[in-house]
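Biologist: I would like to go through this structure in plain terms, one question at a time. Please show it first.

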Amino acid sequence: MPTFDLGLEHVSLDFATKTIFTDVTQGVFEGDRIGIVGRNGDGKSTLLHLLEGTQAPDSGRVTTRNGLTFGMLDQRDQLDDDATIREAALEGREDYEWAAQTESREIVEALLGGLNLNARIGTLSGGQRRRADLARLLLKDWDVLALDEPTNHLDVVTIHWLAEHLKNRWAKGTGALLIVTHDRWFLDEVCESMWEVHDGQIEPFEGGYSAYMLQRVERDRQADVRETKRRNLARKELAWLSRGARARSTKQKFHVKAARELIADVPPMRNTLELKQMATSRLGKQVVDLVDVTQIFDREQGAVADIDPDIADMERMGTDSESSAGTQIDIVTPMVQEPQAFGSVTMDVDDADDPRLISAFGSRAAQIAAEHGLKAREAVTGYNALRGMTENELAANEAANTGADATSAAAHIEVSGREILDDVTWLIGPGDRFGIVGANGAGKSTLLKILDGSLAPTAGRVNIGKTVKFAVLSQRLDELEKLGNYKVKEVLSRYKPTYIVDGKEVTPGQLMERLGFEGAQLMTPIRDLSGGQKRRMQLLLILLDEPNVLIMDEPGNDLDTDMLAVMEDLLDTWPGTLIVVSHDRYLLERVTDEQFALIGGKVRHLPGGVQDYLDMVDDLKRGKALPQADSADAAQSAHTAQSENVRTADEQSADQPKLSGKEYAQASRRVSAIERKLEKIEQQKGELESQMNAHDPTDYEGLGKLSAQIAELETQQGELETEWFDLSEQLGK
């Protein structure tokens, strides 16, 4: 048995209704960078608690090298509510102490930027507490660092920073890292090996998440397992990893030939043209158009938390500190300060019920209306389906934003404050699949509320198609909580008996099973479902309502990697317009066709995906200003390009190559040539390895030469594989 620095020896553990581990022996060596995956409830977090020593096994033992230090980020922090951030996270360090060293300064600025170090832990939001706890952990030296869902509540930029920090935290071969997370990009970026926790066992795999997927598919194929559904989803995910942006942007840990054999019969993720045609037939040509939209929250806005919690969290840190008697304000400068727009708009308002008053002034709307002598309207005159608002709301919008003369009774009300949206025009069409990224507090939730018509913008127009039926998968489970006393079966009985999914007739119960539920759970009350099960039930009920525009705000919360793959597979066949906000870049690029960033009050198109946004932020960090870009032009160009695809769909086949004519022929020949070269290299490597095996083991010089030849061949192989992936993507393979 190997001697681990930290490990389990013949460990077994049972809870009341579930066996977690059965005679498990596994451990950590110095230099390990291990990602831990598995279904929710299978024991990933329990494994970390066993290694930490806070959970005792029923049998077996946990071994630890003498003097080893173990630091753990738990999903629930143990911070003292009465302590300040300085006391809890910085453990009393003064500013000059943490700012004097580059590493500690980066940790504090990245995780605590924008927070008042003298604020009490009890006043922080869940996300701010999480960042404070993570900062506390990273500021110490540990031999083994265990992180349980470290990316929760972090934005894309901070997740990217954390990945770089963990990769460079220790010298190669020193320290050890254990990570439990559903963020597959993060696993691939940071981890060098994987553990899959399933069926009471811990199964190790070499390489990051991409390599793990290849090995898992190959394992299932060789074992001829019965879990056909799970195996097919894994093969589909491997196909996306092999064909998509991830394959082009990083050096894969698996070979072209092996991957091609496993995904040879896997079709493209989704037929974009066919889905757009189906969406157009359901939605018509217009879905949602934002035209010259500006959204300003008044400086004394009283109800921002109800509209956009992230913005409220940022602003509350300052106001709470200022209002606390005797409390000194000590706000950390963020590592990256994204630009924020400030301005003012004058609204012509006819009555106290104008929805723009609520969106601009929040709880102060009635006070502002009274100060300007405005009264409530007597009656609503009807609903204009074409514009998606009441006639009075429509008149107010047109009077304020189209240059029409205001009535004599209109009041001129100025709104001054932060511009969440600054003169944005964004056209969203049938079948569009758009992803949105941005920093916490950038206003993504505000943008979603404006898109679905639940928030009236301060200026500009929101035109909603007359056939649009919205559904919103929010981060909160309020609607589901109202059904808490009902059993799952009772809730499903309210819906149609059958639905058409991917061209096949299915029942709500079959859809429920597809989302990972078991038949026995039909009799379970909604309130007794776990967090992840409630999240999946929320998605199921939304899909059963048959919306044609689906807005998803952080849909990956509480889902394990297998369930994320299930959700992605389901969305691949969903024929509607999809808008997704997520900090999970893997998920975002997997389910959407175009990505946009909300930054500096503008919606900016990201032709190169999330990496374009990170490049923008990196430029800001180096002191460069954002390029002048008209978000209207960016959004319009993407929308127009996709609309052209719909109009010409009848003239094109779904699998038409992306190159044509001479370029296509040249690329095809080059792919064939690369494949022949790769086959030849494999033969040469095999011959050299045979020579090494037969070589005199005392002839170090000769062995060194053979080893150098093999290394040279592997370098050539890597370059050819990268070129092969790029060309195959262009050819549509």
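This is a predicted model: local features need pLDDT of at least 70, side-chain atom pairs count only at pLDDT 80 or more; totals for chains, interfaces and linings use all residues.

Biologist: Is histidine 165 buried or exposed?

Modeller: A residue counts as buried under 20% relative accessible area. Histidine 165 has a relative accessible area of 9%. Because that value is under the cut-off, histidine 165 is buried.

Biologist: Leaving aside its neighbours within four places in sequence, which residues is histidine 165 in contact with?

Modeller: Contact means heavy atoms within 4.5 Å. With the neighbours within four places in sequence set aside, the contacts of histidine 165 are Glu103, Ile107 and Leu138.

Biologist: How many helices and strands does the protein chain have, and what share of its residues count as buried?

Modeller: The protein chain has 28 helices and 23 strands. It has 733 residues, and the share of them that count as buried is 54%.

Biologist: What share of the contacts with a separation of 6 or more comes from residues 24 or more positions apart?

Modeller: The count takes contacts in the protein chain with a separation of 6 or more. Within that set, residues 24 or more positions apart account for 74%.

Biologist: How many of the residues of strand E15 are buried?

Modeller: Strand E15 covers residues 433-437 and is mostly covered. Arg433, Gly435 and Val437 point one way, while Phe434 and Ile436 point the other way, and all are buried. The number of buried residues in E15 is five of five.

Biologist: Which strands do bridges join to E15, and do they run parallel or antiparallel to it?

Modeller: Four bridges join E15 to strand E21, residues 577-581, and this pair runs parallel. Four bridges also join E15 to strand E22, residues 594-599. Glycine 435 stands opposite valine 580 in E21 and opposite glutamine 595 in E22. The strands are E21 and E22, and both run parallel to E15.

Biologist: Which strands stand at the edges of the open sheet?

Modeller: The open sheet has six strands in the order E17-E20-E21-E15-E22-E23, with mixed pairing. The edge strands each have a single partner strand, so one side of each is left without a neighbour in the sheet. They are strand E17 (470-473) and strand E23 (602-606).

Biologist: What does the twist average from one strand to the next?

Modeller: The value describes the sheet with the order E17-E20-E21-E15-E22-E23. From one strand to the next, the twist averages 20 degrees.

Biologist: Over which ring does the charged end of arginine 494 sit?

Modeller: A charge sits over a ring if, among other conditions, CZ of Arg is within 6 Å of the ring centre. For arginine 494, the distance from the ring centre is 4.6 Å. The ring belongs to tyrosine 486.

Definitions and conventions: Residues are numbered from 1 along each chain as its sequence is written. Side-chain values use heavy atoms; hydrogens and water are left out. Helices (H or I, at least four residues) and strands (E, at least two) are DSSP runs, numbered from the N terminus. Buried means under 20% relative accessible area, exposed over 50%, partly exposed in between (1.4 Å probe, protein chains only). Two strands pair if DSSP finds at least two bridges between them. Axes are lines fitted to C-alpha atoms, for helices over the stretch in contact, and angles run from 0 to 180 degrees between N-to-C directions. A charge sits over a ring if NZ of Lys or CZ of Arg is within 6 Å of the ring centre and within 35 degrees of the ring normal.
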